[in-house]
Amino acid sequence: VAGNDRRAAKVLIQKAFDVLLAGGVFTGLVMLAFPEEIITLAAGEEFREAAPALQLLAPWTLFGFTLAVLWRVLLASGRDAALLATAVAALVLNVALNLALIPVYGFKAAAVVSVLTEALILAPIALLVSRDGLLPGLRYLPTVAGAGAVLAAILWLLPGPAPLVGVVGSAVYAAILFAVPGAVQEAATSLLVRRPRLLRSRP
C-alpha cells in the first residue's frame with residue numbers, strides 16, 4: 001500500500017483502534033464493578049462464586065479489543081506466517097501456564113493466564129504493525145481515560161441498584177465521548193448522517 005491508499009488506511013485503522021479502545025475501557029470497568037451481577041445474568045446464580053475470575057479477566061478487554069484491529073491489519077498486509085507463529089507461541093505458553101498454575105490456584109489462575117497471554121501477544125503484533133508504518137497512535141487515550149475515570153466514579157460511588165447505576169454510568173461515558181472531538185464522536189455523527197439517507201433510499 002502506498003501514497004493516498006496508505007494514508008487512508010492509517011486513518012481508518014486509527015479510528016477503529018480508538019473506538020475499540022473506548023469499548024475496551026468501558027467493558028473492563030463494568031466487569032470490575034459488577035462481576036456478580038454479570039455472572040448471574042449470563043450463567044445463573046449457581047456460578048456467582050466465579051465473580052472474582054471475571055474481575056481478573058477485566059484487563060483482557062483492553063488488550064483483546066485493541067488487538068482485534070492490529071491482528072486484522074497484519075492479515076490484510078499478508079503477514080500470515082508471522083501471525084501463525086505468534087498464535088502458536090501464545091497457545092503453547094497458555095497451555096503450559098494453565099497446566100502449571102490451575103492445579104495450585106484454581107480457576108482464578110486461568111483468568112490471569114488469559115490476560116497475560118493476550119498482553120504478551122500485543123508486543124510482537126504491535127512491532128510488526130509498526131514496521132509496516134500502520135501502528136495507530138495513542139492521542140485519543142487521554143479522552144478515553146478521562147471518560148473512564150468519570151465512569152469508574154459513578155460505578156463505585158453512586159448509590160442504587162446495579163442496573164440503574166450501570167445505565168447512568170454508560171450514558172455519562174457515552175455523552176462525554178460524543179461531546180469531545182474524536183473517533184467516537186465522528187462515528188456517531190457519521191451514523192446520524194447516514195441513517196436518514198438510508199431511510200430515504202428504501203423503496
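Thr61 sits in helix α3, and at 4% relative accessibility it counts as buried, because the cut-off for that label is under 20%. Keep in mind that this is a predicted model. Helix α3 spans residues 51-76 and comes within 8 Å of helix α2, axis to axis, while helix α5 packs against α3 with the axes 8 Å apart. Here's the rundown, starting with that threonine.

**Thr61 and what it touches**
- Setting aside residues within four places in sequence, Thr61 is in contact with Gly24, Thr27, Gly28 and Met31.

**α3 against α2**
- Helix α2 covers residues 35-43, and its axis crosses that of α3 at roughly 110 degrees.
- That makes the two helices roughly perpendicular, because angles of 65 to 115 degrees get that label.
- The crossing of α2 past α3 is right-handed.
- On the α2 side, the residues involved are Pro35, Glu36, Ile38 and Ile39.
- On the α3 side, they meet Ala51, Leu54 and Gln55.
- Sorted by class, the residues of this contact come out as five nonpolar, one polar and one charged.

**α3 against α5**
- Helix α5 runs over residues 107-131 and packs on α3 at an angle of about 25 degrees.
- Angles under 35 degrees count as roughly parallel, so α3 and α5 fall into that group.
- Their crossing is left-handed.
- The contact of α3 with α5 has 23 nonpolar residues, plus three polar and two charged ones.

**Asn98 in α4**
- Asn98 belongs to helix α4, which takes in residues 80-105.
- Is Asn98 buried or exposed? With a relative accessible area of 16%, Asn98 is buried, since the limit is under 20%.
- Once residues up to four places away in sequence are left out, Asn98 touches Pro103, Ala109, Ala110 and Val113.

- Mean pLDDT for the chain is 90, and 93% of its residues reach 70 or more.
- Which helix has the highest confidence in the chain? That's α6, residues 141-157, at 97.
- Confidence is lowest in helix α8, residues 183-201, where the mean is 71.

Conventions
Residues numbered from 1 in each chain as written. Predicted model: local features only at pLDDT ≥ 70, side-chain atom pairs only at ≥ 80, totals over all residues. Heavy atoms only, no water. Axes fitted to C-alpha atoms, helices over the stretch in contact; angles between N-to-C directions. Helix = DSSP H or I, 4+ residues; strand = E, 2+ residues; numbered from the N terminus. Parallel < 35°, antiparallel > 145°, perpendicular 65-115°, else oblique. Left-handed = near helix turned anticlockwise from the far one by under 90°. Contact = heavy atoms within 4.5 Å. Nonpolar A, V, L, I, M, F, W, Y, C, P; charged D, E, K, R; others polar. pLDDT = per-residue confidence, 0-100. Buried < 20%, exposed > 50% of the residue type's maximum accessible area, 1.4 Å probe, protein only.
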